[in-house]
Each structure stands twice: as structure tokens, then as C-alpha cells.
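Thanks, everyone; I would like to walk you through one model this morning, going slowly from a sheet to a group of side chains and then to some aromatic rings. Please have the structure open while I talk.

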Amino acid sequence: MATNLRSGSNKIVFYFAVIMSIGINCNGNQCFKPATDVPLSDNLRMNTDSFLTRPSLGPVDCVRTCKLHSLCNFVNYNKHTLDCSLLAINGDLVSDYDHIHIAVIKWNDNMLDGCKHHQCPNNTMCKANDHVGYECQTIGCNAIYVNNINHTSFSRKPLWNFGETVEYACTRGYFTADNATCLTSGMWSSFTCQRYLQCGDNDVCSVVENKHYWIYFNETQKLHKIYCDNGASLTLLEYNTATTPAVIRGVGSCALIFDIMKGQGYTDFQKVRLKLFPVHIKTYLLPFTNSTYTPQYYGHATDCYAGNNSHECGVLGKFIINTQGTGLRIKPSINWKTYGFNGVIANITRSYDGNYIEGYCGGQCGGCEPDGKLYLEADPNYTPPFESAELPICRYPHGL
């Protein structure tokens, strides 16, 4: 019996020696001898992300699994766990004694049976079918290329798993109110990348910060710098004011007095509230102002004596509109009208570029106001520096 055991052991050693002498590689549950022109790199691993990891019987099984996926070109095979990581993209080879790296793309398709030379899309795997040769089973979603989506985000992974959501689906300046999620059909859920047309559009993406953003105006077909907080505002860089002075007149003289009953007041404007559809200034909202006595409305000018013997003091109600540096200006079609008792317009002048408008108006407690809304248009001569505002980017709104 001892002789027979010794004889069997000698045969095993002999067969192993023969296998090693002819260059057959044994790993896992498989022995194989790849052709000399087929790259197989022991103790190396390709340093790139895997799109799928599958268990295997060994390196040959790993190669077959890879070839069933059109997306797969390389494999990192783990010699201890027998797992094979499927790779789509080339990368650097790094030393790793736990792995074998295989360039699967150079192996033939003879091991694939009915899937030999299959033409399955990249987001599927081939499965042999006795009736039709093979079928393509969906395993995930690939990148899509549609206008205004964030191509970098979708291309970050060669294959997206079912239920995964792209974090930034739209390019800067666009937002989506719906998640872009990989469905079991291999298609992406329905979503639309829309322009930021108002400050509130950012609510669906993240907490709104009080800052300047670039907002797209359909009217001008351009981006404009807008300050967003609880609404939309235009930041004024120059001096803007509206006044209602009160005076006491003497023969050939006049002196300013305080008379609250006549609405005396002086207001300086740092920002003006906007309505964006269509874009115009809300003259009666005063959140960003400094006022002395009674707050005044933007673009208005009043006094309480010019309607009677105004030659004593002249017309002193005054407004200044100066939108220089904002990228917007008052439309040249906008005019002013009188209001109040004996209202008069002494003079309203505009600068050549349309950014500066100065008006003197008054009355016997009267003056002038815009004849309709203060509509804005793009300043063709100036656009604020791009870095002075933020072009918003939308992080997917649900599931944060």
C-alpha cells in the first residue's frame, strides 16, 4: 500500500512538472496556456475604475465574462478572491501581487458559444439563446449627449447602475426639477435642463444664498447680473436718489425747512427691486435704501411750492437714475408725467449712453413720475465682469 501511495504522489509531481515545463498557467479552478501574443501580466493591476465586478472560476472564466460585455476591454483578476473587475478604460499598470491583469481585447471569441461576435450595446451583456443565437440583457445606463446637460457628469462613469442618480445633470446656468436616474430599461428618467430665468429657480437645487447670480433674460437673450435674496434686485454702483424738499420762501430767497405734512424726504438707493417678466423696476419697493424723513419712490421728484411763484426758488424736486456698470439701462421709450396739484416738469435729461437720467419736477405739492413701468434693456456698451457674479449649477434636487 505504501508503495502505491508513493507511486501516486510521484505521478502528481510529474504531471505538475510537465504543466510548468510547457508554460501552462493554473489559477483558481482553471489551467490555461494563452498564446504568446496575448498579454497577461502577473502581479500587476490596471489603475482605473471598474464598471462591474463579478465572481469567476478563474482567469479564463474572467476573460469570457468580459467578452460578454461590449464595454469591457481589460480585466483585473484577483488571485485570492477569484473576482474579476471589468474595465472599459485604459490606465496605468501598478504592481500588485494579488492580481493578474489581462488585456481581454486581444483574446479571440471562440469561448463565447452563441455570443460569438455579438453586437450588444455597451449598457448590456450578451446571453446565449438557443432560439435566436443570443440576446442582450440590460445591465445599466451609459452617458447621454443632449443639449445643456452636464456631459462631464454623465461621462464620469462608463456604466451607471440601476437606481443611480447623476448629481449634477445640467451644465452651469441650467437646472432640472427632476432627478436624472438610471432606469431598469437602460434609459434615463425624464428630465429637462432649463435656463435660470429667475432667482427662485435655484430653490429646487440648493439653499438660496444672498449673492449675485447670472440670470438669463428671454427678452434680451443674454445673461444678466442679478442680486438674489428673497427676490431679484439690481445693484446700483453709482449715486441714485429721489427727493421731495420743503422750503420757506422769502423775497428773492428760499430756505429749506422740515415739513413732514408735505412728504418732505430724501432717499438714496443702493439696489432696486426687479420684476423679471418683463424686466422692470418696482419703484414702490424700498428694501435697499437710506432715507431722511419720508422715503421717496425711485424715479420720482416732488416739491410743494413750484406751482405758485416758482421763480422764487426754482423747481427743487429732483431724481437721479444712474445704471452705469450694471449692464442694464432704462429703455429710451420711457417718459415721465406730472402728478399731484399743479405738477410741473422743469427739465429731464439723459446721457448719451442712456445710463444717466436726471429730472427736476415740482408743483404745489406735485411733481413727476414714470409714465408707466420703468422697463429695462441690455446696455449694449457694457457687461459686468463674469467673475463678479456666479453662474449657478444645479445639484440634483431630491435625495440629498
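Predicted model: local features only at pLDDT ≥ 70, side-chain atom pairs only at ≥ 80, totals over all residues.

Strand β25 is joined to β28, residues 364–370, by 5 bridges, and the two run antiparallel. They belong to an open sheet of 3 strands with the order β22-β28-β25 and antiparallel pairing, in which β22 (301–304) and β25 (336–340) are the edge strands, each pairing on one side only. On average, and ignoring direction, neighbouring strands of this sheet are turned by 20° against each other.

Now please move to S233, which is found in strand β14, residues 232–235. Is S233 buried or exposed? S233 counts as buried, because its relative accessibility is 0%, and its side chain makes a polar contact of 2.9 Å with the side chain of R273.

Turning to the rings, the model has 9 aromatic pairs. One of them is W160 with W188, edge-to-face, at 5.8 Å centre to centre and with 70° between the planes. W160 counts as buried at 2% relative accessibility, as does W188 at 11%. Finally, ring pairs link F154, W160, W188 and F191 into a cluster.

Conventions:
Residues numbered from 1 in each chain as written. Heavy atoms only, no water. Pairing = 2+ DSSP bridges. Helix = DSSP H or I, 4+ residues; strand = E, 2+ residues; numbered from the N terminus. Axes fitted to C-alpha atoms, helices over the stretch in contact; angles between N-to-C directions. Buried < 20%, exposed > 50% of the residue type's maximum accessible area, 1.4 Å probe, protein only. Polar contact = N/O pair within 3.5 Å; in protein donor to acceptor, adjacent residues only side chain to side chain. Phe/Tyr/Trp six-rings, centres within 6.5 Å; stacked < 30°, edge-to-face > 60°.
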